[in-house]
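Please look over the model shown below before reading the notes that follow. They are arranged by topic, from the whole chain down to single residues.

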Amino acid sequence: MDLNFYVVAMSLLAVGVIGFMKGAFGGGFAIIGIPLMALVMDPITAGSVLAPVFVAMDLFALRYWKPRTWSRPDLAWLVPGLLAGVAAGYVVLRQVDRHFVEVLMAVTTLLFAWLWWRGGASVTARPRSSGKALLAGGASGITTMVAHSGGPPLAMYLLPLGLSKEVYGGTTSMFFTIGNLLKAGPWLAVADLSRGYWGLVAMSLPAAFVGVWAGWRLHHRLNQAQMYRLCYGLLVVTAVKLLWDGIAGYLMSPS
């Protein structure tokens with residue numbers, strides 16, 4: 001078959017998976033779908049195609065994740081941290097090996113998930129902390145710029161708070177809406193803005209919207225405990241993917 005067919009098919013599958021995660025969990029697990037696109041195109045092209053799709057997907061998802069689902073006390077501290085983290089991400093990209101960031105974030109996330117499971121998978125709420133929120137927002141901003149994975153730091157802050165599944169999903173959705181808007185400009189700056197590029201973006205949008213809708217339907221079918229177990233499970237999957245990317249990057253990089 002023509003290579004363009006595989007490019008379009010894999011892009012639609014990846015965008016649909018990412019949209020599904022957005023609708024079901026609010027956001028933060030896009031890294032699970034991104035590797036699918038990297039099978040048929042280079043990562044920079046994949047990231048540039050996804051940048052405007054993410055923005056459209058986020059704005060569409062707000063019809064489900066309405067303001068009543070946002071935890072404003074947490075966003076008040078998370079978003080300033082995000083802004084600083086995205087800015088710091090540019091510096092990190094130039095000064096620090098991105099594979100080191102991937103491995104460090106993966107190990108930290110796996111330890112966090114292990115401690116949760118070891119503690120009996122409790123969803124008992126812990127008190128919020130403005131300092132931890134700033135740190136989580138900053139770490140998420142850095143990792144979303146460097147490794148396209150801002151989900152683990154945010155989840156490590158929000159999950160222990162024991163928020164309702166709606167508030168958890170709405171808060172992560174709003175957080176990543178802001179983050180993806182911040183990242184759209186830099187990604188478009190490196191994109192090949194040809195007719196083919198915008199054609200692929202346009203074809204991906206229906207898959208994004210259907211994915212969000214399908215994920216939202218699953219969200220309503222899950223109870224609180226199921227929601228938290230799935231979120232922690234996805235954290236582990238994300239961490240393993242980051243660890244793989246980091247180690248593989250070190251092994252394949254020239255000495």
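How much accessible surface does the protein chain have, and what percentage of it belongs to carbon and sulfur atoms? The accessible surface comes to about 12,000 Å², of which 70% belongs to carbon and sulfur atoms, with areas taken from the Shrake-Rupley method with a 1.4 Å probe and, for residues, only the protein chains shown counting as cover. This is a predicted model, in which local features need pLDDT of at least 70 and side-chain atom pairs count only at pLDDT 80 or more, while totals for chains, interfaces and linings use all residues. Residues are numbered from 1 along each chain as its sequence is written, and side-chain values use heavy atoms, with hydrogens and water left out.

**Overall fold and dimensions**

- The protein chain contains 10 helices and 0 strands, where helices (H or I, at least four residues) and strands (E, at least two) are DSSP runs numbered from the N terminus.
- Read along the sequence, the pattern is accordingly α-α-α-α-α-α-α-α-α-α.
- The radius of gyration of the protein chain is 17 Å, which agrees with the value near 18 Å that a compact globule of 255 residues would have; the radius is taken over C-alpha atoms, and the globule rule is 2.2 Å times the number of residues to the power 0.38.
- Along its principal axes, the C-alpha trace spans about 50 × 45 × 30 Å.

**Burial and contacts**

- Of the 255 residues, 48% count as buried, a label that means under 20% relative accessible area, as against exposed for over 50% and partly exposed for values in between (1.4 Å probe, protein chains only).
- Helix 7, which covers residues 151–158, is mostly covered, since 8 of its 8 residues are buried; among them are Gly-151, Pro-152, Pro-153 and Tyr-157.
- Among contacts (heavy atoms within 4.5 Å) between residues at least 6 apart in sequence, 87% join residues at least 24 apart.

**Charges and salt bridges**

- The mean positions of the 18 positive and 9 negative charges are 14 Å apart, with Lys and Arg counted as positive, Asp and Glu as negative, and His and the chain ends not counted; the place of a charge is taken as NZ of Lys, CZ of Arg, CG of Asp or CD of Glu.
- A search of the whole structure finds 2 salt bridges, each defined as a side-chain nitrogen of Lys or Arg within 4 Å of a carboxyl oxygen of Asp or Glu.
- One of these salt bridges joins Asp-58 to Lys-22, with the closest N and O atoms 2.7 Å apart. Because Asp-58 lies in helix 3 (residues 43–61) and Lys-22 in helix 1 (residues 3–25), the pair ties together parts that are 36 residues apart in sequence. Both Asp-58 and Lys-22 are buried.
- Asp-74 forms a salt bridge with Arg-128, and here the closest N and O atoms are 2.9 Å apart. Asp-74 lies in helix 4 (residues 72–95) and Arg-128 in the loop between helix 5 (98–118) and helix 6 (130–146), so the pair ties together parts that are 54 residues apart in sequence. Asp-74 is buried, with a relative accessible area of 1%, whereas Arg-128 is partly exposed at 44%.

- Ser-48, in helix 3, is buried with a relative accessible area of 3%, and, not counting residues up to four places away in sequence, Ser-48 touches Trp-187, Ala-191 and Tyr-197.
- Pro-52 also lies in helix 3 and is buried, with a relative accessible area of 18%; leaving aside neighbours within four places in sequence, Pro-52 is in contact with Leu-188, Tyr-197, Trp-198 and Val-201.
- The C-alpha atoms of Pro-52 and Leu-188 are separated by 8.0 Å, although these residues are 136 residues apart along the chain.
- Asn-180, found in helix 8 (residues 165–190), is buried with a relative accessible area of 11%, and, not counting residues up to four places away in sequence, Asn-180 touches Phe-54, Val-55 and Asp-58.
- Asn-180 and Val-55 are 125 residues apart in sequence and 6.1 Å apart in space, C-alpha to C-alpha.

**A loop residue**

- Arg-126 has its place in the loop between helix 5 and helix 6 and is exposed, with a relative accessible area of 58%.
- Leaving aside neighbours within four places in sequence, Arg-126 is in contact with Pro-160 and Leu-161.
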